[in-house]
Amino acid sequence: MAFCAKCGAQLAEGVIFCGSCGAPSAAASSAMASNVAACLTYILGFITGIIFLAIDPYKNDKFVRFHALQSTFFNVTILAFWIVFRILSTILSMISFGILGILMGLVGLLILLVILVYWIFLMYKAYNNEWYMIPYIGQLAAKQAGL
């Protein structure tokens, strides 16, 4: 037998709504599993992170909330790093008449590859229901998520 998630009343097989409080049963719920939602918070960076922080029932799920915050902080950090890196690359390129610009371009490609691999790793950890924390960023996300 199943029980209502809202009021705890016993539900009969195949019932879509609770007879006591009228809440939809778990079978009628269209919410995806927490691990899938947590994985999806990383898909479009801070955009999906913010979306999952705003929509029900995920904004109340601590696992999804943590990964949404971590995704948001991770991508904002990457964006800030990338702006500083591009400014530094441009300055070094102008000083060295383009020679260091080529080198910085290659270093930039290597950094992008490392970020891509780490991004896939974060999605993998979230999908496997793991509370993997990025150093510093993960601790900030956990604090904001109320863990």
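Visitor: Which residues in helix 3 meet which residues in helix 4?

Guide: In this predicted model, the helix 3 side includes Phe 63, His 67, Phe 74, Trp 82 and Leu 92, and among the residues they meet in helix 4 are Leu 100, Met 104, Ile 111, Tyr 118 and Ala 126. The residues of this contact divide into 17 nonpolar, 6 polar and no charged.

Visitor: How is the packing of two helices described?

Guide: Two packed helices are described by the angle between their axes and by the distance between those axes. Here the axes of helix 3 and helix 4 (residues 99–127) come within 10 Å and cross at roughly 175°; helix 3 and helix 4 are therefore roughly antiparallel to each other, as angles over 145 degrees are counted that way.

Visitor: At what angle do the axes of helix 2 and helix 3 cross?

Guide: The axes of helix 2 (residues 46–54) and helix 3 (residues 62–95) cross at roughly 150° and come within 8 Å, so that helix 2 and helix 3 are also roughly antiparallel to each other, and their crossing is left-handed.

Visitor: Is Asn 35 buried or exposed?

Guide: Asn 35, which is found in helix 1 (residues 34–40), is buried, with a relative accessible area of 14%. A polar atom of the Asn 35 side chain lies 2.8 Å from the backbone oxygen of Tyr 127. Leaving aside neighbours within four places in sequence, Asn 35 is in contact with Phe 63, Ala 126, Tyr 127 and Asn 129.

Technical notes: Residues are numbered from 1 along each chain as its sequence is written. This is a predicted model: local features need pLDDT of at least 70, side-chain atom pairs count only at pLDDT 80 or more; totals for chains, interfaces and linings use all residues. Side-chain values use heavy atoms; hydrogens and water are left out. Axes are lines fitted to C-alpha atoms, for helices over the stretch in contact, and angles run from 0 to 180 degrees between N-to-C directions. Helices (H or I, at least four residues) and strands (E, at least two) are DSSP runs, numbered from the N terminus. Angles under 35 degrees count as roughly parallel, over 145 as roughly antiparallel, 65 to 115 as roughly perpendicular and the rest as oblique. A crossing is left-handed if the near helix is turned anticlockwise from the far one by less than a right angle, and right-handed if clockwise. Buried means under 20% relative accessible area, exposed over 50%, partly exposed in between (1.4 Å probe, protein chains only). A polar contact is a pair of N or O atoms within 3.5 Å; within protein, one must be able to donate a hydrogen and the other to accept it, and residues adjacent in sequence count only if both atoms are side-chain atoms. Contact means heavy atoms within 4.5 Å. Ala, Val, Leu, Ile, Met, Phe, Trp, Tyr, Cys and Pro count as nonpolar, Asp, Glu, Lys and Arg as charged, and the others, Gly among them, as polar.
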